[in-house]
Amino acid sequence: MASSSRLFALTLAGAVVAATAGCAPQKETPTPNVTASSSCAKESLPTRTPGKLTIATDQPAYEPWFRQDKPDSGEGFEAAVAYAVAEKLGYARADVTWTRVKFDAAIAPGPKSFDFDINQFSITEERKQAVDFSAPYYLVRQTVIALKSSKIAGRTSLADLRDARLGAQVGTTSYQAITEVIKPTAKPQVYNSNDDAKKALQNGQIDGLVVDLPTAFYITGAEITDATVVGQVPQVGVPEAFGLLLDRNSPLTSCVSGAVGQLSEAGTLRQLEQKWLAQVAGAAELR
Amino acid sequence: MTSLDHLPSEAQLRRSAYRRRQTVYSVLVAASSTAALGTLLVVAVTGAPGWERVRRSFLDLEIARDALPAVLSGLWLNVRLLVCCAAGALLLGLVIAVLRTLRGPIFFPVRALAAGYTYTFRGLPLIIVLYLLTLGVPGLRLQGMPPVLVLGGLALVLTYGGYLAEVFRAGIESVHPSQLAAARSLGLTYRQTMRHVVLPQAVRRVAPPLLNDVVALQKDVGLVSLAGPIDAVRAAQIATAQSFNYTPYVVAGVLFVLLAIPLIAVTDWVTLRSARRQSGG
């Protein structure tokens, strides 16, 4: 028995080695980064208007992704990312033109009036059937929000939140963030929906509510205006990813994706996230 | 001599032998039909093309073991709520039933209020009462607002109190008027009549349906979880969301059945006893 199982293990190991060896050469060909640098020169990029880069977003463009609905100011996280990608591709600020496209229209199949669109698009398999996405430029973080009058408003560290009564929607990464990262002493409160959780927050039944960052800005900005963002929780679980949206099979996809990848590796995206989401928009990072 | 007295006749011997054969025969038939049905069920379920997939996503032992502590600690909440709410609802139901059966025109407003209560809370879906009390009332921001569990328990007591009041009322009205007349003629006051003559008979008669409602309440107390607390089903839901496997729900279901068995057994026993008493008396 022992020898036969060892023989089986050896065969299996051999098969694995053979499989990896067989796969190895294939792996290098589709990687665009190496070849991208040569063909992704500004002159050879088939943009809508040669020499110009047309970037789209929604009208109005909301804070903290854009500032005062003016994408061409380059202020706000997504505006800054858009200009950083443009710069990486060799476009000066003056070469960038902005256009406005509704969120739903951008995701729908059909001709596009932009080179790429930046508008908090989550990358999903369903959407990939209709459009192309770049590599992710932002991984959504979980965020604690509280009423301005709450005892936890203005707290700055995870340890400060241990004594808080926190709530989240059932089955979400937000709940995981409470149990796995914040680990408060009181049992978390769990709700069927964010609507129930928001009511409990307003009633003061919970000190803080954990939601993802875009939702946090929406709730504090539009729905419960006497609530404020306490801070962002370190990454947990499988986060949602935002990508730049391009036309299906766009010739630009690999170049734009490569540029995002380089910005990510260089730490530029992280810095922009720090600057525009943590400092300017006030979603400090809790540690 | 005595043995002679008890010597059964030839016919009697034949009769008892025949009866024995019949008993053996029916036991054999029952056993084989049960075995046949059992085999059929097992084969039909495990032989189904999707059985392997269902077994993996609903009956995974390892996931069951992982989820058990969380589900058990959720179940503890159910048990505590059940005890408090059952006591509260039985008491409220009894009081409302007595108020509804008060005689005399002066008590009309009391009767009307009690009737209005049973109409309203039997008609109102429990989940809406829960929402109003657990997420609506705290919005008033009054001083000394009780915790959400107490409010949720109150919603359960209010809803089940309505059902139980009607059961109690049926019991009270089932006591024959001659009993009341006899009690009054003995010089008992209305209150004494109720306390010593009517209620003991009424409660005994409706004990089975009352316990039946308590069994139903046992499953409904978990709905309090919509206001935040984590009960057994919610704990199972959380575990399911993490593992993409439905086994935790099955674990919670089995625990609920185990919890219900003693209560159901008591109900059956009480029913049986009262039936015997009535037929015997």
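The dialogue below sets values against definitions.

Tutor: This is a predicted model, in which local features need pLDDT of at least 70, side-chain atom pairs count only at pLDDT 80 or more, and totals for chains, interfaces and linings use all residues. Residues are numbered from 1 along each chain as its sequence is written, while chains are lettered from A and ligands numbered from 1 in the order in which they are written.

Student: Why is A:Ala84 called buried?

Tutor: A residue is buried if 20 or more other C-beta atoms, placed from the backbone, lie within 10 Å of its own, exposed if 12 or fewer, and partly exposed in between. A:Ala84 has 21 other C-beta atoms within 10 Å, and is therefore buried.

Student: What makes helix 5 and helix 7 of chain B oblique to each other?

Tutor: The axes of helix 5 (residues 108-123) and helix 7 (residues 148-174) of chain B come within 8 Å and cross at roughly 120 degrees; axes are lines fitted to C-alpha atoms, for helices over the stretch in contact, with angles running from 0 to 180 degrees between N-to-C directions. Angles under 35 degrees count as roughly parallel, over 145 as roughly antiparallel, 65 to 115 as roughly perpendicular and the rest as oblique, so these two helices of chain B are oblique.

Student: Which residues of helix 5 of chain B meet helix 7 of chain B?

Tutor: B:Tyr117, B:Thr118, B:Phe121 and B:Arg122 do so, and their partners in helix 7 of chain B include B:Leu158 and B:Tyr163.

Student: How many residues of chain A are in contact with chain B?

Tutor: 15 residues of chain A are in contact with 12 residues of chain B, and helix 7 of chain A gives the most to the chain A side, with five residues.

Student: What makes a set of residues a nonpolar core?

Tutor: Such a core is a set of buried Ala, Val, Leu, Ile, Met, Phe, Trp, Tyr and Cys residues joined through C-beta atoms within 7 Å. The largest has 129 residues, and those with the most contacts inside it are A:Val81, A:Val85, A:Ile145 and B:Cys85.

Technical notes
Helices (H or I, at least four residues) and strands (E, at least two) are DSSP runs, numbered from the N terminus. Two residues are in contact if their C-beta atoms, placed from the backbone, lie within 7 Å.
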